[in-house]
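Please keep the sequence and the coordinates at hand while reading.

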Amino acid sequence: MKLRPPQLPEEPPPGPTRPGFWRSPLRGPWLTSLLGSALLPLVIVCAVTGFLSQAAYDPSLGGNSLLPRGGLGIDIYFFSWPTSPAFLYALTQGLHVTTGLIAIPLLLAKLWSVMPKLFEWPPVRSIAHLLERASLALLVGGSLFVFLTGLLNIQLYYPWPFRFLTAHYYGSFVFLAAFALHVGLKLPTVLRSFRERGVLRPLRADLRHTAAEPYREGTTAPLEPEAPTMSRRTLIATVGAASVGAGFMGAAQAIGGPLRSLGLLAPHSTQVSDGPNGFQINKTAESVGIEPSQTGRGWRLKLAGQSRAELTRDQLLAMPQRTYDLPIACVEGWSTTQAWTGVRLRDLAAAVGVDDTDQVVVESLQSAGALRKVTLSSGQVADERSLLALRVNGADLSPDHGYPARVIVPGAPGVHCTKWVSSMQFEAA
Amino acid sequence: MGRLRATYGASPLHALAVIASFAVAGYGFLRIAESPSALGTFIWFAAAIFAHDLLAFPFYSTLNLIAHRSLVKPSDEWLETRRVPAINHLRVPTILSAVSFVIFFPLILGLSSTKYMEYTGQSADVFLGRWLGICGALFLGSALIYAIRLRRAGGSPGEPEPTGS
């Protein structure tokens, strides 16, 4: 059965539906195959690290899952997020944001290369063709939506009515489902292109030797190509430079150190100030409504376990102090390693009679926000580098870094390193 | 089997793959549909396609066409008469500046500057200057390379090459 409604003419109407409309001599299956092959590993790494980020929140504990309740239960992860290596989340989330940034120029170039397909004639040839085109709408919409929401989120810009996390996370299901189908359906075309023209051979041709791919009906190779004004290698080098530049911005704020200030457009590329507390801040004390009166001499850390205790900051400072170099790694892909000093979480558990902790619920002074209260796992409490930090780089914590006390756990997402801690409730195993 | 292929237009494996893909995508849509601002999410999803395919693509294609028409001679022999084409010295820095703008426009335009200041304790004012600096460096670099290439080619743009070599 041919799905060709009688009112549609065999001949396409004038305009972009005519094959002669598309004149670029560079468009063709080989170019699209090369861009697609570059995108494939980036999307895989970006997707895997994205799902790992959800796992890093230990969503099965307490109220840690930030996704809406319900669903098929496939949003629950069956392993506890490890504490080693300490840079684990800095690595996975740095990769997530950086691979996403690298992919964007390639994605835009790939969309340019396949644009004639949007106007192919007849619009629908068969049921299979119709479904494939519907899936392509999900692929284009899904990729643009997921990359755009991610991009705006790392720049703290939220012009939309929805919750970022829900939309980005479930939008990626739509994108990745369409992406997987697309890879499967197009693999033969990619392999044929590479077999016929070589994987990289067309990049050797300079402008004088650049020729259009031979026209074949149903492909993006042009019917009436214009004389080339740019070689394929110049095009690929330009797209590659855009990708490398964007990726460098991401890597600079993830790796930090002297590299950070070179990531000129990266959201966390500058030092806040000089001094021990001058490193990057995710949320200032003022932004979450912490009043100086709450953190002054009247502040007490409330501990609960087999017994209860209330400790002043001086009492905490009198306990055995440990110092470790540990990273704060933000979900937005930036991180910074500092020397934290404080009391081990397991010592605090022992202070209220819990020797073997199953989990601990940490609460902040901040009055609102999904992450004012988080649950840490037994493994996180057991790691001797997990601290209730009182000092950083030899100085008292600043208000913006969580004074009087904050949690720091190796390998954990920054938002699980609760600032302005008010209470900790240890549950025995 | 042959009948299915004729009715459907592809192999049964194709049909199975499409169904599997739609099932997973459907799950994503379903979870979004259950969220409080489902309609807004779907509108943004559709608007993303519209904005790229029917606004951004025609816009940058038209810019390219204008550059092409004004810098490249219509004849096929332009390569012979202009050994050093100017157009790519304009295209490459334009593409790189535009893509960096597309990626970082909220910071460059200061669209989230209030929230950025509130959250990070820093001003977002620096990004516009930095981006302009990057653009300036790209165009300047491109112009320098163009000048060097012109000098090497031993002529000015548009000047016919000496023949008989």
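In chain A, A:D58 lies in the loop between α1 and α2; helices (H or I, at least four residues) and strands (E, at least two) are DSSP runs, numbered from the N terminus. The model is a predicted one: local features need pLDDT of at least 70, side-chain atom pairs count only at pLDDT 80 or more, and totals for chains, interfaces and linings use all residues. Residues are numbered from 1 along each chain as its sequence is written, while chains are lettered from A and ligands numbered from 1 in the order in which they are written.

Although A:D58 is not a glycine, its phi is positive, at about 45°. A:D58 is also buried, with 24 other C-beta atoms within 10 Å; buried denotes 20 or more such atoms within 10 Å of the residue's own, exposed 12 or fewer, and partly exposed a count in between, with C-beta atoms placed from the backbone. A:D58 follows α1(A).

Most residues other than glycine have a negative phi, and most peptide bonds are trans. A:W420 has a positive phi near 50°, lies in the loop between β9 (406–408) and β10 of chain A, and counts as buried with 23 C-beta neighbours inside 10 Å. The peptide bond from A:S84 to A:P85 is cis, with omega near -5°, and A:P85 belongs to the loop between α1 and α2 of chain A. A further cis bond joins A:W121 and A:P122, with omega about -5°.

The strands come next. With β10(A) (residues 421–428), β1(A) pairs in the parallel sense over 3 bridges. A:L303 stands opposite A:A309 in β2(A) and opposite A:M424 in β10(A).

At the level of domains, chain A is divided into domain 1 (19–261) and domain 2 (286–428), with bounds from an automatic or database domain assignment. Their contact takes 31 residues from domain 1 of chain A and 27 residues from domain 2 of chain A, residues being in contact if their C-beta atoms, placed from the backbone, lie within 7 Å.

Definitions and conventions
Pairing = 2+ DSSP bridges. Contact = placed C-beta atoms within 7 Å.
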